[in-house]
Structures are given as C-alpha cells and as structure tokens.
Amino acid sequence: MENFITVQEAYPLDSLTLLNLFLLAVVAAPLLEELLFRYSLRYHQLFYRFISREKWNRIFPYLVYISTVAFGFVHLDNYVNDSWKFYALSPLIIISQLSGGFILSYIRIRLNILYSLLYHAVWNLLFAIIVPSVILFCTPPFTAHTSRYSIRTEQKAFLLPGDAVSLEANIQNDTIYSLKADHYRLQYLLDYLYGTDQRITDEGVVNIRFSSRKGISKDEFLDILKKNYNIK
C-alpha cells in the first residue's frame, strides 16, 4: 500500500502514556465497539418489542455483513488523507479491520458477547502494546560519530508516567548545530524542521541527541535520519 499512497495516523497511540493506551485500546475501544457493532447479532429479549424472531432471522445475514463493513470503515477515521486514492484503496487500507470484524462476529454468534470482547481486547493488547514493545526492545539505538557531528537516536513504544515531552534546537540560517528531543514524535520534528507534511514518516516517538561544532544543513540532517527511519 505504501507504494501507492501515504497515510498518517490521525490519533497516534504512541503519544499516549502506557496507562492511557491500555485504557483506550484494551478496555474502552473493545467494549464500545463490541456493544455497538456486534451486540445485535443475537436475538435478545430487548428486541421482541420491535421485531419478531422470524423477521430478525430473515435480516440476520444482512446484519452480519452490514455490521462488519461498518466496523471496518469506521476505522478509516484512524488515518489522515483526503485524496481520491485514499478512498479508492480504502477497502485494502482497512482489510485487517474487515477480516477481524468477521472473526469477531463469528465468535459473538457462536459463543457470546463476552468472548468477542475478550478476543478484541487481547488482540489490541497484543498489537498496540506487546508487539511494539518487543520490536523496540530488540532494536538498539542508532548512533553515529564523525568528525562533523555526533548523533544518538532511540525510539520509544509509548510514554511512561513522568516522561516529559520537549524539544531544544540551535538552528541558524538553516544550519543545525544541536538538537535535543525527548519523547518527541518524529513526524512533529520533521514538521518543525521542514514544514508541515513536507516530509512524512510513520515512525513514532523518539529521543534524539545531536551536536555539531560547525553545524550541518537540514538536508544533511534528513539524510542522517533516513539511515535509520523510513521517511518520505
């Protein structure tokens, strides 16, 4: 997909603290989405005043498909893009949510809402917290020392309590002499240095320590970052 279109997260989860991320992704989102999209997939006493069991059985297949497709397309709101390519390719962009919606619907129908909620919560826990943590734990910091500059960067999976977000930079005439970023999203740093949306990345929060006695240009600094991060 990245060969055809660039999408940015509208609500970057790595800007949240671990506790807030857990409450949002593992508790609130599964609870709200399961009740909203899958609670109605089994006939309930609450429904008999509005629709008979016979009529409900007839529309049941449509309920499954409509709720699953709606669940998938609601997640388009996770991304920032208004191009025609974004909407044309939207089914592929949300393919994981669409397929996940069918799995959750199956669990809800064959078992009950508690099982689908539990599956949803474990899935979010795995891919929002555990997998990013393991990947970054196994990824060493990027360091480089030359006669012209010294740099060390480290990526963070999420913020911890007490982590202060800060940016200090000594830049004169588009020449960077020093830069210190603590728990700062790389996209925000790129926007600060090169202008909003001029350079795009899907990388998350980073710590950066950079210094250069004689300074280097912004373009040179970008080339250094590209050695370790995916930046377009």
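A residue counts as buried when its relative accessible area is under 20%. Keep that cut-off in mind for the tour of this predicted model.

**Stop one: Arg38.** Select Arg38, in the loop that links helix H1 (18-37) to helix H2 (53-74). Its relative accessibility is 0%, so Arg38 counts as buried. Now show side chains: Arg38 and Glu34 are joined by a polar contact of 2.8 Å. Then bring up the surroundings. Leaving aside residues up to four places away in sequence, Arg38 touches Glu33, Phe71, Gly101, Leu104, Ser105, Arg108, Ile113 and His120.

**Stop two: H1 against H6.** Next, select H1 together with helix H6 (residues 113-137); their axes come within 9 Å and cross at roughly 150°. That angle makes the two helices, H1 and H6, roughly antiparallel. Look at the handedness too: H1 passes H6 in a right-handed crossing. To see who meets whom, colour the contact residues. From H1 they include Leu18, Leu21, Phe22, Val26 and Leu31, and from H6 they include Ile113, Leu117, His120, Leu125 and Ile129. Glu33 and Glu34 are also among the H1 residues that meet H6.

**Stop three: the strands.** Move on to strand E5 (residues 166-172) and strand E6 (residues 175-185), an antiparallel pair joined by seven bridges. Pick Ala169 and you'll find Leu179 in E6 opposite. Two residues separate E5 from E6 in this hairpin, and Asn173 in the turn has a positive phi of about 50°.

How values were computed
Residues numbered from 1 in each chain as written. Predicted model: local features only at pLDDT ≥ 70, side-chain atom pairs only at ≥ 80, totals over all residues. Heavy atoms only, no water. Helix = DSSP H or I, 4+ residues; strand = E, 2+ residues; numbered from the N terminus. Buried < 20%, exposed > 50% of the residue type's maximum accessible area, 1.4 Å probe, protein only. Polar contact = N/O pair within 3.5 Å; in protein donor to acceptor, adjacent residues only side chain to side chain. Contact = heavy atoms within 4.5 Å. Pairing = 2+ DSSP bridges. Axes fitted to C-alpha atoms, helices over the stretch in contact; angles between N-to-C directions. Parallel < 35°, antiparallel > 145°, perpendicular 65-115°, else oblique. Left-handed = near helix turned anticlockwise from the far one by under 90°.
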